[in-house]
Amino acid sequence: MFKKCLLLSLFISLVWIAGNPNAQPAEQELILEQSVNEYEGTRDTSLYEEGNLSNGGGQHLFAGRTDQPNLRRALVAFDLSDIPTGSTIVSVQFQITISKTQFQRRNSDMFTHRLIADWGEGAQDAAGEEGRGIEAAADDATWTSNFYQSSTWENPGADFVETESGMARTSGTGSTMTFEGEGMVADVQAWVNGEAENFGWIIVGDGQARRFFSSESNAEAGQKPRLVIRFVPAS
Ligand SMILES: [Ca+2]
């Protein structure tokens, strides 16, 4: 009898939940990091201000200002197809690990901006610590070209929305910088809604600091660019 009552009350609860128009789908968390949980959708590369250089297959990404000075900017895009259409994006964190720091005491803010033109990652892999890049191959992104020898950016240094989407303060080697901001939530929402094409973000840090980051092809597990998204699927 007790068991029957239990089963009956469980059944009534399920019917109530299924029929309750106010029941909201639960918030979910999605973590995108290359080669983790069979996800392979990250692409990234660096732009070098001084020439037709690339490093799309390298272990490191670069952003900031060298001593010369020349600027570096990093491009990173994630495949968001695991987020169902109609979802509401609640929060976005873009985490990137600092693999090397020069001028450790020089800190400045770095910013993510939404890219508005597509770009080529390519497979070029610069020698040594990769800070000098390597001659670009056809269709690699460079400072002046979004696809080298095929098409150029409208603005050297990449085409992106002028207002930043997120920001983070530089920190030291081995630490993680977390870019976040309402703009990044809006970017992901627009990408999921199909209102903007997903070309990812550029990391711009034109101040005094310069940082090396671990790229998606870095051998160190758990240190690749990571996107943590919380969202509520459509009801
Ligand atoms: Ca890459």
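Leu115 touches Leu75, Ala158, Asp159, Phe160, Phe199, Gly200, Trp201 and Ile202, leaving aside residues up to four places away in sequence; two residues are in contact if their C-beta atoms, placed from the backbone, lie within 7 Å. The structure is a predicted model, in which local features need pLDDT of at least 70, side-chain atom pairs count only at pLDDT 80 or more, and totals for chains, interfaces and linings use all residues. Residues are numbered from 1 along each chain as its sequence is written.

**Overall picture**

The chain has 2 helices and 15 strands; helices (H or I, at least four residues) and strands (E, at least two) are DSSP runs, numbered from the N terminus. Of its 235 residues, 40% count as buried. A residue is buried if 20 or more other C-beta atoms lie within 10 Å of its own, exposed if 12 or fewer, and partly exposed in between. Among contacts in the chain with a separation of 6 or more, 76% join residues 24 or more positions apart.

The average pLDDT, the predictor's confidence in each residue from 0 to 100, is 91 for the chain, and 90% of the residues score at least 70. Over residues 10–17 pLDDT stays under 50, and the model has 1 contact beyond four places in sequence for them. Where pLDDT is low, the predicted coordinates should not be read in detail.

**Two buried loop residues**

Leu115 is found in the loop between strand 7 and strand 8 (134–135). Leu115 counts as buried because 25 other C-beta atoms lie within 10 Å. Thr142 lies in the loop between strand 8 and strand 9 (145–147), and is buried because it has 28 C-beta neighbours inside 10 Å. The contacts of Thr142 are Leu47, Asn52, Leu53, Ser54, Ala136 and Tyr148, not counting residues up to four places away in sequence. The table gives one C-alpha separation for each of these loop residues.

| Pair | Separation in sequence | C-alpha to C-alpha distance |
|---|---|---|
| Leu115 and Ala158 | 43 residues | 7.7 Å |
| Thr142 and Glu121 | 21 residues | 9.5 Å |

A nonpolar core is a set of buried Ala, Val, Leu, Ile, Met, Phe, Trp, Tyr and Cys residues joined through C-beta atoms within 7 Å. The largest one holds 45 residues, of which Ala74, Leu75, Val188 and Ile202 touch the most other members. Helix 2 gives the most to this core, with 5 residues. Ile202 touches Arg73, Ala74, Leu75, His113, Leu115, Ala158 and Phe160, again without residues up to four places away in sequence.

Helix 2 (residues 182–193) has 12 residues and reaches 16 Å from its first C-alpha to its last, close to the 16 Å expected at 1.5 Å a residue; the expected span is 1.5 Å times one less than the number of residues. Its buried residues are Gly183, Met184, Val185, Asp187, Val188, Trp191 and Val192. Their cover includes strand 6 (88–102), strand 7 (109–114), strand 11 (166–169), strand 12 (176–179) and strand 15 (226–232). Just after helix 2, Gly194 takes a positive phi of about 75°.

**Strand 4 and its partners**

In strand 4 (residues 60–65), 5 of the 6 residues are buried. Two strands pair if DSSP finds at least two bridges between them. Strand 4 pairs with strand 14 (residues 210–214) in the antiparallel sense over 5 bridges, and Phe62 stands opposite Phe212 in strand 14. Strand 4 also pairs with strand 5 (residues 71–77), antiparallel over 2 bridges. Arg65 has Leu71 of strand 5 as its bridge partner, and the hairpin formed by strand 4 and strand 5 has 5 residues between them.
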